Amino acid sequence: MRNFDHDDEAALLDRLEALAAYDILNSPAEAEFDGIVQIATALCKTPVALISLVEADRQWFKARVGFEACETPISQSVCRHALSGTDLLVIPDLTADPRTRDNTLVTEEPHIRFYAGAPLITPDNVIIGSLCVIDTVPRPQGLEPEQREGLRALAAQVIVLFEARKLSQRKDDLFRRQKSLTANMRASANETLAAQEAGGIGTFEVDIASGILKPSPTFCRIFHVPVAASYPAAMLEAKIVSGDQGAQSNDSSRADASAALEVEYRIQTDLGIRWISRTASFVRDEAGRPVKMIGAVKDITIIKRAAARVQALLDLGDRLSHLTDTESMAMAAADLMAKALDATRAGFGIVNMAEETVVMQPEWTAPGVSSVVGLHHFRDYGSFINDLKIGNPVVIPDVTQDPRTSANAQALLDIDIRVLVNVPIMDQGRFSLVVFVHHNHPYAWSGEELAFLRSFGDRIQSAIARVHAEAEQQVLQRELGHRLKNTLAMVQAIAAQTLRPVKEREHVHAFERRLHALSSAHEILLERNWSSAPVVNVIDRTLDRLAVRDRVDVDGSPVTFGPKGTLSLSLVLHELATNAVKYGSLSGLNGRVAIGWHVEGRGDQAVFRFTWKESNGPLVAEPENKGFGSKLIRMGLAGTGGVDVRYEPSGLIVEMWALLSQLQQADF
């Protein structure tokens, strides 16, 4: 366990950095956190509950019930011990635990005796404190299972609230900066009108009584309406897409000055959907009643689309890493791509260049737009396949006008394609995959968007190739595994025949059992493609083979070993269990064995510790002659780390330890 008087410097720095990012220390009480500690005391039936955040020299309580102090020195902190693990820390009697028995909160007022704390773990896996409950009487049984799960869930909710609080603070900062910019813009509006026009900023003024809007020429161009002196405000508001309706002002919200002053929304134009940023302010009469709304608009479509493309590429990697089939990959990528390009349909098709056909994969479609999944012949829709074959992207702004599609335009219009973009993805010089984006309305394409499509296509092709390669590798691994299994069976048969004349049958049987142990470990690795094996599975399989599993108590955290560690553990367990059956606790009717393991530390320095304890068996003594089995046990795990073998009156005790990284190596 970590010595907190000499706290790991990296862990401390990570914790302090996470606490600084939340900006939570010394903040005033908040109802959300107070509610959590109230629930914790009710759930666990304790007089005290704390949300404790641990710094370098103190612990500070964001919320507390039944405890007067808002902080304590680190020397009085019990919660610091919860930082060493990711699971619940329960200390039934603080006076009996060497970590806490000298704590002044235990030896003096308020004489706390019981502690249970769930670590507060950030999304970056940094433990910053704990949600704990405390009692003044010991609890030998600790917490009920429902209480333990509830405490963990409440600790997770604390982190959710921290994250939400951090996000809210960022939004507040951004809002203040935006308000400052808006105030400056309003103050200098009259002086900078010409500069605004030159910079693509349109201005407007709405007479609240009449609902008439007076736009600048740039405003009209942004909204794609003829330049005019005035328009009914409601006519321009009707251009806003349905999903953003309500963000804009209207007659009612202008009349009572409740309209938002800074908004972003989308409008539908004859060139497709455009993003608008609008800022405004109210002009009031002497009585304080709003009489006019004045403001400015800017087309931010390019910025929005660029941000959407970047986000889509980032999200693509996350989604593809969890998918293992072509259809799911195509659908996930199409969804991201379509939303980044305001498309009505988007997806991928697998090409058969010899037959000039394409099999469209499940695609993303806008509401009301039909699917084109299935087999299609390129020539049914025009001659643009000639460009795709040589690797050139095809961009057709209007299928009725382009010479490559005009003769087949109706076939395209029938499936909601007015604008067609195909980007070919080449595999070793061959046209193998097509990325497509369709619009049923006009759309102005940019070079950046075409590059985005090509990047998307390349990434999906790489992901598909990865899946195919992994599938082929799994087939190869299974075949190699089966051959190795057959080889082990052959070795066992040959050994049985070869050693038949040997009179010392005990040595022969020991050799055969060790071969069986190797075979058992191999079977576990084969089930997991010879990559890794859970420690608990190795133990169960080995003990089952010896028919002693029901007499062994097993307790340990989830840990996996690589092939080398798996084979070593299987052989060591086999020797220990065999000796216990012949000479130790399992040789009698009442004897038992307890197996336990855990991991200390983290990263490259993490150490795996394994314990074998026999009880209720005959008296044992260290053998004078040590055979191969004893030597194998004393070699430890994978021949590394250390071994402590003790022949106690209560039974044999074996402790082994080794670096976890060596036991998890993927090869020998």
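Two residues are in contact when they have heavy atoms within 4.5 Å of each other. The structure described here is a predicted model, in which local features need pLDDT of at least 70, side-chain atom pairs count only at pLDDT 80 or more, and totals for chains, interfaces and linings use all residues. Residues are numbered from 1 along each chain as its sequence is written, and side-chain values use heavy atoms, with hydrogens and water left out.

The protein chain contains 18 helices and 26 strands. Helices (H or I, at least four residues) and strands (E, at least two) are DSSP runs, numbered from the N terminus. Of the 668 residues in the protein chain, 44% are buried. Buried means under 20% relative accessible area, exposed over 50%, and partly exposed in between (1.4 Å probe, protein chains only). Among contacts with a separation of 6 or more, 58% join residues 24 or more positions apart. The accessible surface of the protein chain is about 33500 Å². Carbon and sulfur atoms hold 54% of that surface. Accessible areas come from the Shrake-Rupley method with a 1.4 Å probe; for residues, only the protein chains shown count as cover.

Threonine 357 sits in strand β14 (residues 357-360). Threonine 357 is buried, because its relative accessible area is 4%. Neighbours within four places in sequence aside, threonine 357 contacts Ile350, Val351 and Asn352, as well as Leu375, His376, His377 and Phe378.

Arginine 266 belongs to strand β10 (residues 262-269). Its relative accessibility is 23%, so arginine 266 counts as partly exposed. Arginine 266 and valine 241 are 25 residues apart in sequence, yet their C-alpha atoms are 5.9 Å apart in space. Valine 241 is also one of the contacts of arginine 266 beyond four places in sequence. Lys239, Ile240, Gly243, Asp244, Ile273, Arg274 and Trp275 are among these contacts too.

The largest nonpolar core has 35 residues. A nonpolar core is a set of buried Ala, Val, Leu, Ile, Met, Phe, Trp, Tyr and Cys residues joined through side-chain atoms within 4.5 Å. Met337, Phe348, Leu453 and Phe456 touch the most other members. At least two residues of this core come from each of α9 (301-320), α10 (326-341), β13 (345-352), β18 (419-427), β19 (430-439) and α13 (447-498). Helix α10 gives the most, with 9 residues. Residues up to four places away in sequence aside, leucine 453 touches Met337, Leu341, Val421, Val423, Val435, Val437 and Trp445.

Strand β7 (residues 201-207) pairs with two strands described here. Two strands pair if DSSP finds at least two bridges between them. Strands β7 and β12 run antiparallel and are joined by 7 bridges. Strands β7 and β8 (residues 212-215) also run antiparallel, with 4 bridges between them. Glutamate 205 has isoleucine 294 as its bridge partner in β12. In β8, the partner of glutamate 205 is lysine 214. A hairpin is formed by β7 and β8, with 4 residues between them. Glycine 211 in the turn has a positive phi of about 75 degrees.

Valine 291 lies in strand β12 (residues 290-299). Its relative accessible area is 31%, so valine 291 is partly exposed.

The structure holds 31 salt bridges. A salt bridge is a side-chain nitrogen of Lys or Arg within 4 Å of a carboxyl oxygen of Asp or Glu. Arginine 113 forms one with aspartate 93, with 3.1 Å between the closest N and O atoms. This pair links distant parts of the chain, 20 residues apart. Arginine 113 is in the loop between α3 (104-107) and β5 (114-121), and aspartate 93 is in the loop between β4 (89-91) and α3. Arginine 139 and aspartate 135 form another salt bridge, with the closest N and O atoms 3.2 Å apart. Arginine 139 is buried at 15% relative accessibility, and aspartate 135 is buried at 8%. Glutamate 163 and lysine 166 also meet in a salt bridge (3.8 Å, N to O). These two residues are separated by about one helical turn, because they are 3 residues apart in helix α4 (residues 145-187). Asp644, Arg646, Glu648 and Glu655 are linked in a network of salt bridges.
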